[in-house]
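Please read the following briefing alongside the sequence and the model. It goes through helix packing, the sheets and the ligand surroundings in turn.

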Amino acid sequence: MSFDHEVGRRRTFAIISHPDAGKTTLTEKLLLYGGALHIAGAVKSRKAARHAVSDWMEMEKEKGISITSSVLQFDHEERRFNLLDTPGHADFSEDTYRTLAAVDSAVMLIDNAKGVESRTLKLFEVCRLRKLPVMTMVNKMDRPGLDPLDLMDQVATTLNIRTVALNWPIRVENEFHGVYDRRTKRALLYEREGAGTDVVPELSMTMDDPRLAERIGPAAVEELLEELELLDEAGDPWSVDDFLAGEVTPFFFGSAMTNFGVGQLLAALGELAPSPLPRQSVEGERSPNDEAFSGFIFKIQANMNPRHRDRIAFMRVVSGKFQRDMSVVVARSNKSLRLKKPHTFMASERSIVDDAHPGDIVGLYDPGELRLGDTLYVGPRVEFRGIPRFAPEHFARVRLKDPTRRKHLQNGLTQLSQEGTIQLFYREGLGRADPYLGAVGLLQFEVLKVRLRNEYKTQADLESSPYTVARWIAGEPTGLEWLQKRNDYLVVEDRYGHPVVLSATPWPLNYALQEARGLELLDVSPL
Ligand SMILES: Nc1nc2c(ncn2[C@@H]2O[C@H](COP(=O)(O)OP(=O)(O)OP(=O)(O)O)[C@@H](O)[C@H]2O)c(=O)[nH]1
Ligand SMILES: [Mg+2]
């Protein structure tokens with residue numbers, strides 16, 4: 001297969017939504033329909049011995065929520081998919097934002113009974129900033145919910161984007177029978193069999209097929225025809241270009257739990273979602289078809305597999321061909337690094353890869369040389385813009401129960417902060433001892449404690465601290481000097497030595513902005 005063909009057949013996308021809309025369930029079902037899984041394990045069913053493939057972390061299995069994003073690669077028909085399942089919980093939004101930097105499109109899930117929720121809005125805004133094309137899947141159609149037209153209207157008005165239904169639900173009195181595919185003009189009726197662990201049998205037919213009326217009744221067929229006519233007349237026309245430009249989102253209706261509509265979504269992803277896109281770098285645009293290899297790190301995860309205590313850096317290939325054992329340059333440090341034993345992923349299962357193409361996500365063994373946002377390249381220098389950190393809103397200090405474990409604690413804090421689990425802020429004159437821990441959401445602290453205990457055998461208590469605001473200090477040096485001269489402002493440093501000011505309320509910072517000449521305060525870390 002030629003290089004260009006390899007690039008063209010790849011689809012790299014993330015699934016995003018408010019918590020509990022069904023991302024992990026849909027992920028499993030896409031794998032099932034993609035032929036990568038034989039039996040889908042029930043998400044959150046505690047009795048079942050199997051757990052969702054992408055919720056692999058101990059705490060995820062216990063709580064039934066996703067805490068960290070998962071990478072899954074599979075082939076289906078002509079395509080190679082790189083799917084990233086993201087956590088919906090706001091406390092883990094930094095992880096989700098990083099993941100969105102690595103994909104070319106997103107599937108936004110909406111719970112049919114709830115419509116657009118707070119996280120839906122936030123995540124959609126990030127997609128818009130990154131100009132990502134977004135497909136919308138209305139999930140849980142097996143249960144009663146809002147009117148499909150109202151849902152489309154809600155998305156259009158609250159998210160300010162045009163909507164076009166590419167399939168339409170066939171429902172009679174809240175019983176979900178299947179979908180009408182508006183592009184092929186065929187009705188797909190599913191058999192209600194089993195619990196969604198296998199691909200469900202489906203019947204495809206034209207609208208005048210007598211089997212349709214037999215199944216849902218002639219009155220329901222009439223009603224469906226009217227709805228479809230209304231969509232044809234009043235709805236926006238479908239345009240792939242508008243979708244790729246982020247101006248319109250196609251709608252799909254389905255039920256990840258019963259597998260209804262999952263096959264259609266997968267087919268649409270293969271057909272409509274963009275193949276790998278160029279990326280902006282300091283040196284200009286880098287096209288996937290460029291021969292020189294480049295990629296960037298968007299996620300670092302230590303101890304994924306308790307049997308291998310190692311750190312994996314997840315790289316998105318941007319251009320050129322990646323090969324096992326190749327030597328690359330790390331743009332930040334200018335150091336050369338040999339990439340031994342690279343992996344592809346099926347959540348926590350990994351297998352060694354010999355090569356990879358633009359769009360692929362590769363897991364690299366990180367000997368401690370890599371950071372979030374790092375660019376790796378071969379040939380002419382290229383540096384992609386890094387991945388920002390968000391200002392924490394919760395702060396704590398660590399109280400160690402057993403002082404002999406101090407080294408392990410330091411080690412754990414450093415590694416986990418490099419992954420982005422928490423952020424560390426150091427005080428002047430104290431070196432790296434006793435840092436402030438910062439988190440965007442409180443659950444991050446819970447994850448930290450559990451991981452310190454399980455992975456670093458360190459029992460630590462967290463003592464919360466009164467700070468709620470952190471701002472990176474930028475602008476003229478006079479601004480920083482003004483803050484440092486006063487003893488009522490706490491100035492600390494992040495891992496890279498950038499000065500940061502912490503405060504219990506926003507007011508003192510507003511005052512400083514008025515008084516300190518040349519001071520700028522940022523709520524996202526400078527790159
Ligand atoms: N009735 C119904 N329930 C569903 C459907 N899809 C998912 N669920 C249920 O919704 C709950 C949440 O599903 P998950 O797949 O864990 O949701 P998620 O979006 O991954 O959640 P987070 O990762 O924690 O944000 C589970 O109890 C699922 O069984 C569906 O199509 N119909
Ligand atoms: Mg999940």
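**Helix packing, sheets and ligand shell**

Helix α11 passes helix α12 in a right-handed crossing, a crossing being right-handed if the near helix is turned clockwise from the far one by less than a right angle, and left-handed if anticlockwise. This is a predicted model, in which local features need pLDDT of at least 70 and side-chain atom pairs count only at pLDDT 80 or more, whereas totals for chains, interfaces and linings use all residues. Residues are numbered from 1 along each chain as its sequence is written, while chains are lettered from A and ligands numbered from 1 in the order in which they are written. Helices (H or I, at least four residues) and strands (E, at least two) are DSSP runs, numbered from the N terminus.

**Helix pairs**

- The axes of α11 (residues 406–419) and α12 (residues 443–456) come within 10 Å and cross at roughly 125°, where axes are lines fitted to C-alpha atoms, for helices over the stretch in contact, and angles run from 0 to 180 degrees between N-to-C directions.
- The two helices α11 and α12 are therefore oblique to each other, given that angles under 35 degrees count as roughly parallel, over 145 as roughly antiparallel, 65 to 115 as roughly perpendicular and the rest as oblique.
- On the α11 side the contact involves H408, L409, N411, G412 and L416, which meet L448, R451, L452, E455 and Y456 of α12; two residues are in contact if their C-beta atoms, placed from the backbone, lie within 7 Å.
- The residues of this contact of α11 with α12 divide into five nonpolar, three polar and two charged, with Ala, Val, Leu, Ile, Met, Phe, Trp, Tyr, Cys and Pro counted as nonpolar, Asp, Glu, Lys and Arg as charged, and the others, Gly among them, as polar.
- Helix α2 and helix α10 (residues 262–272) pack at an angle of about 75°, with their axes 9 Å apart, which makes α2 roughly perpendicular to α10.
- K29, L30 and Y33 of α2 make this contact with V262, G263 and L266 of α10, and the residues of the contact of α2 with α10 comprise four nonpolar, one polar and one charged.

**Eight-stranded sheet**

- An open sheet of eight strands runs in the order β27-β24-β26-β25-β29-β30-β28-β31, with antiparallel pairing; two strands pair if DSSP finds at least two bridges between them.
- At the edges stand β27 (460–465) and β31 (519–522), each with a single partner strand, so one side of each is left without a neighbour in the sheet.
- Neighbouring strands of this sheet are turned by 40° against each other on average, direction ignored.
- Within it, β29 (residues 490–493) and β30 (residues 499–503) pair in the antiparallel sense over four bridges, and E493 stands opposite P499 in β30.
- Helix α12 lies across β24 (394–400), β26 (436–439) and β27, running at about 160° to β27.
- Helix α13 (residues 477–485) also packs on the sheet, touching β28 (469–475), β29, β30 and β31, and its direction makes about 135° with that of β28.

**Four-stranded sheet**

- Four strands form an open sheet in the order β7-β8-β9-β10, and their pairing is antiparallel.
- Its edge strands are β7 (167–172) and β10 (202–205), each of which pairs on one side only.
- Strands β8 (residues 175–181) and β9 (residues 186–190) pair in the antiparallel sense over four bridges, and D181 has R186 in β9 as its bridge partner.
- Helix α8 (residues 218–234) lies across β7 and β8, running at about 155° to β7.

**Ligand shell**

- Of the 22 residues around ligand 1, G22, T24, S66, G88 and M257 come nearest, a residue being near a molecule or strand if its C-beta atom, placed from the backbone, lies within 6 Å of it.
- Helix α2 (residues 23–33) gives the most to this shell around ligand 1, with three residues.
- By class, the shell around ligand 1 has seven nonpolar, nine polar and six charged residues.
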